[in-house]
Amino acid sequence: TEIDFEIVKDNFKTCLFTAIGSFGLSFICVLILCYMMLKWDLTSSLLVAVALSETSIAIVYSVILSRSLSSKTIGTILMGSTFLINIATALALSILFMKPDINTLIFIVLSVIILCVAYKFSNKLFESRKYSMQKNELEIKYIFLLITALIFLANVGGGQALLFVFILGALLAKPFSYDNKNNMLKRLQTV
C-alpha cells in the first residue's frame, strides 16, 4: 500500500465520512432496491448490496496515478477512504455470511498475533544491512510468508483473510514509501 498514514491520521474524519458515505449509502440503496422493490430474498439482497458497495483499490489507485495525485493530500485521502471501504466490505462479508466456530476464534487470535509481531519486528528486517537488498529478496519472501499464513488461517477458520491482509499492508506501509532507502516499493511492484 502507498498510503501516507500521517496524512490519513490528520484527515481521518474526512476519510471515514467519505468511506461511510460511499459504502453505507450504496449498501442501503442496493439493499432496499433488491429486497423491497425486486422482492429478492434477504441473503441474496445482502450479498449484492455488499458486492456493489465495494470500491476497487486497483481502479482508484490507477486513476490517482494517472492524474498525478499520489503525492497530494487528496490522493491520500481517496486511497485512505478506499482502504476503509475495503475493510468495511471484508467485515460485512464476514459478519453476514461467516458461520463462526472455535476455528474462527483461533483464526482471529492467531491473525492478530501475526499482525502485532509483524508490526513490532518487520522494520528490523526491512532496515537491516545484513538481510536487506540481497539477491534472495528476503523481505519480499517474508511478506509473502505473512500473507500466506493469514490466508491459511482464514481457510482453517472459515473467515476472510482480506481484512487482515489489508491491515498488514497498513502496518507495513512505511518501508514501502517512496523515500525508503531500500527501494522496497519498486522491488515489490516488480513482483
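Predicted model: local features only at pLDDT ≥ 70, side-chain atom pairs only at ≥ 80, totals over all residues.
**Figure 1. Helices H5 and H8 meet in a left-handed crossing.** Residues are numbered from 1 along each chain as its sequence is written, and side-chain values use heavy atoms, leaving out hydrogens and water. H5 covers residues 73-97 and H8 covers residues 161-171. Their axes lie 8 Å apart, and the packing angle is about 155 degrees (axes are lines fitted to C-alpha atoms, for helices over the stretch in contact, and angles run from 0 to 180 degrees between N-to-C directions). H5 and H8 are therefore roughly antiparallel (over 145 degrees; under 35 is roughly parallel, 65 to 115 roughly perpendicular and the rest oblique). To trace the contact (heavy atoms within 4.5 Å), find Phe-83, Asn-86, Ile-87, Ala-90 and Leu-91 on the H5 side and Leu-162, Leu-163, Phe-166, Ile-167 and Ala-170 on the H8 side. Nine of the contact residues are nonpolar, one is polar and none is charged (Ala, Val, Leu, Ile, Met, Phe, Trp, Tyr, Cys and Pro count as nonpolar, Asp, Glu, Lys and Arg as charged, and the others, Gly among them, as polar).

**Figure 2. Here we zoom in on Ala-90, a residue of helix H5.** Is Ala-90 buried or exposed? With a relative accessible area of 0%, Ala-90 is buried (under 20%; exposed is over 50% and partly exposed lies in between, with a 1.4 Å probe and protein chains only). Setting aside residues up to four places away in sequence, Ala-90 touches Gln-160, Leu-162 and Leu-163. Look also for Ala-161: 71 residues separate Ala-90 from Ala-161 along the chain, yet their C-alpha atoms are 8.5 Å apart.

**Figure 3. Helix H7 passes H8 in a right-handed crossing.** The contact brings together Leu-146, Ile-147, Leu-150, Ile-151 and Ala-154 from H7 with Ala-161, Phe-164, Val-165 and Leu-168 from H8. By class, that gives nine nonpolar residues, no polar ones and no charged ones. H7 spans residues 138-157, and its axis comes within 9 Å of the H8 axis, crossing at roughly 155 degrees. H7 and H8 are therefore roughly antiparallel to each other.

**Figure 4. Helices H2 and H5 pack at an angle of about 50 degrees.** The two axes are 8 Å apart, and H2 and H5 are therefore oblique to each other. The crossing of H2 past H5 is right-handed. From H2 come Phe-12, Thr-14, Cys-15, Leu-16, Thr-18, Ala-19, Ser-22 and Phe-23, and from H5 come Ile-77, Gly-80, Ser-81, Leu-84, Ile-85, Ala-88, Thr-89 and Ala-92. Sorted by class, the contact has ten nonpolar, six polar and no charged residues.

**Figure 5. Glu-54 sits in the loop between H3 and H4.** Glu-54 counts as partly exposed, because its relative accessibility is 29%. Which residues does Glu-54 contact, leaving aside neighbours within four places in sequence? They are Ile-85, Asn-86 and Thr-89. Phe-23 is 31 residues from Glu-54 in sequence and 6.6 Å away in space, C-alpha to C-alpha.

Figure 6. You will find Lys-39 in the loop between H2 and helix H3 (42-53), and it is exposed, with a relative accessible area of 65%. Ser-68 belongs to the loop between helix H4 (57-66) and H5 and is partly exposed at 47% relative accessibility.

**Figure 7. Stepping back, the chain has nine helices and zero strands.** Both kinds of element are DSSP runs numbered from the N terminus, helices being H or I with at least four residues and strands E with at least two. Of the 191 residues, 37% count as buried. Among contacts with a separation of 6 or more, 69% join residues 24 or more positions apart. The mean pLDDT (the predictor's confidence in each residue, from 0 to 100) is 85, and 85% of the residues reach 70 or more.

Conventions: Left-handed = near helix turned anticlockwise from the far one by under 90°.
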